[in-house]
Amino acid sequence: MADMENPITPIEEDTCWGYLASQEVGRLATARDGQPEIFPINYCVDGQSVVFRTAEGSKLQELTDNALVAFEVDGWDDDKGWSVVIKGEATVITDERELQLADHMPLKPWVPTVKKHYVRVTPGELTGRTFAFGAEPKA
């Protein structure tokens, strides 16, 4: 049963990482020339950051132009839902040791393209909320 007095509950930061690790797909929000862009990406949690792969192209160019991003993941069932948002910085992984570790992460491209670049999103802010679903209250 939905809690009608408090249908939205904050998620503790440590618990947010568990929610993030439970999924494989999220949305990366970037901005280029003052225009927002959103990309669906598959990712994995690595410590207290998120890592994904990308190819040459607009997403990588946008991250080079402006490393500040938002990353959002959510989930739901019949009774409740949740959302976790990272606001932080995306950096292309260039360290040889980190690249070797990234090669062993469960990050496979969805489409048959070569994705040579690994990107790490490190949070400046991490927030989450759960939502208890229910009927709209009468005013």
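This is a predicted model: local features need pLDDT of at least 70, side-chain atom pairs count only at pLDDT 80 or more; totals for chains, interfaces and linings use all residues.

Me: What makes Glu72 and Arg27 a salt bridge?

Reply: The closest N and O atoms of Glu72 and Arg27 are 2.3 Å apart. A salt bridge asks for a side-chain nitrogen of Lys or Arg within 4 Å of a carboxyl oxygen of Asp or Glu, so the pair qualifies. Glu72 lies in strand S6 (residues 68-76) and Arg27 in strand S2 (residues 25-32), so the pair ties together parts that are 45 residues apart in sequence.

Me: Why is Glu72 called buried?

Reply: Its relative accessible area is 19%. Buried means under 20%, so Glu72 is buried.

Me: And how do you know that Arg27 counts as partly exposed?

Reply: Arg27 has 32% relative accessibility. Partly exposed sits between the buried limit of under 20% and the exposed limit of over 50%, so Arg27 belongs there.

Me: Why do Asp65 and Arg32 count as a salt bridge?

Reply: Their side chains meet at 3.1 Å, N to O. Asp65 is in helix H2 (residues 58-65) and Arg32 in strand S2, so parts 33 residues apart in sequence are tied together.

Me: What makes Asp65 and Arg32 partly exposed?

Reply: Asp65 has 46% relative accessibility, and Arg32 has 31%. Each value falls between 20% and 50%, so both residues count as partly exposed.

Me: How do you know that Lys80 forms a salt bridge with Asp77?

Reply: The closest N and O atoms of Lys80 and Asp77 are 2.7 Å apart, and the cut-off is within 4 Å. The pair therefore passes. Lys80, with a relative accessible area of 47%, is partly exposed, and Asp77, at 35%, counts as partly exposed too.

Me: What pattern does the protein chain follow along the sequence?

Reply: The protein chain has three helices and eight strands, and they follow the pattern β-α-β-β-β-β-α-β-β-α-β.

Me: Finally, how much of the protein chain counts as buried?

Reply: Of its 139 residues, 34% count as buried. Glu72 is buried as well, at 19%.

How values were computed: Residues are numbered from 1 along each chain as its sequence is written. Side-chain values use heavy atoms; hydrogens and water are left out. Helices (H or I, at least four residues) and strands (E, at least two) are DSSP runs, numbered from the N terminus. Buried means under 20% relative accessible area, exposed over 50%, partly exposed in between (1.4 Å probe, protein chains only).
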